[in-house]
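Work through the exercises below with the sequence and the model at hand. Each task is followed by a solution in steps.

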Amino acid sequence: MANVLVSGLVKHFGSVVALNQINLDIEDGEFIVFVGPSGSGKSTLLRCIAGLESISEGTVKIAHVDVTGLDPADRDLSMVFQNYALFPHLSCRANLEFPLKTEGVGKSDIDKRVDQAARLLHVLDLLDRKPSSLSGGQRQRVAIGRAIVKEPKVFLFDEPLSNLDAELRIRMRVEIVKLHRQLQNTIIYVTHDQVEAMTMADRIVVLRAGAIEQVGRPHDLYHRPVNRFVASFIGAPQMNMLPCTHLAGDASSTTIRVGSHAESRLPVGPVRDDEKEGLVVGFRPEHISLARPDAETTETIELEMSVEVIEHLGAATNMYGTVETTSGKSEITVSQSGPVTLLEGHSSRIWIPVADCHLFNSNDNAIKRHGDPPTWK
Ligand code: ADP
Ligand code: MG
């Protein structure tokens, strides 16, 4: 087990800057997820940590040792990729034994470690079969097993579940989390799927265009996104964004007008003079109420929504439509747990508690919230 420290990492591919000034401090035993859209640099960052890519600038330390110049084999880590990369002509047992044999581990130790890994991953009864006779999920278990038997300091996963069907993906997600709870090893896991990131990570690193946008616990990213990109990337359906007008404000609150109804005071601020134009208020579909909350206890933004499409998901209902804002019509999504009685083509009052609202300036950065710690970024 080990911590991983990435400092000032820059990676060029010719004239393309794939990673720009990455600084990251991963603690021993942490489950870290790199998430971001395709091309944001997730795999490149993982491969730089693994030593599979040379880096243009910066350093990588594993367990306090500078490994920047070391070969992948000397970094004491194991990697699992999206394609399972098992040897097709070898049995599962031989696949699991392979990394140990190449390291010159003794026979009895190999048997013990293969047995342990196979038990942990529920593949004991598959050991004598060839990979071609296994399902996708079973193959992925064996591939993970092959990473485990090496007992590395750090596990690296690059989209290991992307090739599996939806149901199996959820099962394997839980299996990998259980595995982490048991082994308590450091895991760095790459995915483009924000649900995987939110459900598996101790901390999430959100990447965009080769730079880190935000690092935080799932809860932090959901409740305190630092900018519109993170706000929109985390959570489904996506956070609503409506243009609004700045009316007044002080150090810890900002009064805005969104629609034609009364003004609303948000617990965020201060808004600098140069930020007052082009403000956008953001709020999640699931935080909208279809019933008027108690005005004494819950200050809200009140809007009139024209409901266009209703999706009945069983456990939840999503409604898509528009609201009238001070700068015209805007699209809006409402998500409610359970069924709703509204009809398509009708309109409905909706209420958004101001405590659940975010305010973004025209550079897409979130306005600080009163009570956030000074290090909040
Ligand atoms: P992700 O894993 O987030 O989808 P990658 O790390 O694969 O993104 O890629 C990040 C950027 O680096 C992309 O613009 C990609 O085109 C570029 N890139 C990755 N690998 C290479 C390579 N071997 N040669 C040139 N460009 C590359
Ligand atoms: Mg990738």
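**Exercise 1: salt bridges**

Task: state how many salt bridges a search of the whole structure finds, then describe the one that joins Glu-30 and Arg-203.

Solution. The search of the whole structure gives 24 salt bridges, where a salt bridge is a side-chain nitrogen of Lys or Arg within 4 Å of a carboxyl oxygen of Asp or Glu. This is a predicted model, in which local features need pLDDT of at least 70 and side-chain atom pairs count only at pLDDT 80 or more, while totals for chains, interfaces and linings use all residues; side-chain values use heavy atoms, with hydrogens and water left out. Residues are numbered from 1 along each chain as its sequence is written, and chains are lettered from A and ligands numbered from 1 in the order in which they are written.

Next, the pair itself: the side chains of Glu-30 and Arg-203 form a salt bridge at 2.5 Å, N to O. It links distant parts of the chain, 173 residues apart: Glu-30 is in the loop between strand E2 (16-26) and strand E3 (31-35), and Arg-203 is in strand E9 (residues 203-208). Helices (H or I, at least four residues) and strands (E, at least two) are DSSP runs, numbered from the N terminus.

**Exercise 2: the partners of E9**

Task: find how E3 and E10 pair with E9.

Solution. Two strands pair if DSSP finds at least two bridges between them. Step one: E3 and E9 run parallel and are joined by 4 bridges; Val-35 has Val-206 in E9 as its bridge partner. Step three: E9 and E10 form a hairpin with 2 residues between them, and Ala-209 in the turn has a positive phi of about 45 degrees.

**Exercise 3: helix packing**

Task: which angles does H2 make with H3 and with H4?

Solution. Axes are lines fitted to C-alpha atoms, for helices over the stretch in contact, and angles run from 0 to 180 degrees between N-to-C directions. Helix H2 (residues 92-102) packs on helix H3 (residues 107-120) at about 130 degrees, with the axes 10 Å apart. H2 is therefore oblique to H3; angles under 35 degrees count as roughly parallel, over 145 as roughly antiparallel, 65 to 115 as roughly perpendicular and the rest as oblique. The contact (heavy atoms within 4.5 Å) is made by Arg-93, Leu-96, Glu-97, Leu-100 and Lys-101 of H2 with Ile-110, Asp-111, Arg-113 and Val-114 of H3.

For helix H4 (residues 136-148), the angle with H2 is about 25 degrees and the axes are 8 Å apart. This makes H2 roughly parallel to H4. In H2, Cys-92, Asn-95, Leu-96 and Pro-99 meet Val-142, Gly-145 and Arg-146 of H4.

**Exercise 4: backbone angles**

Task: where do Pro-237 and Pro-270 lie, and what is omega at each cis peptide bond?

Solution. Pro-237 is in the loop between helix H8 (228-233) and strand E11 (240-243); its cis bond to Ala-236 has omega of about -10 degrees. Pro-270 is in the loop between E14 and strand E15 (280-283), and the cis bond joining Gly-269 and Pro-270 has omega of about 0 degrees.
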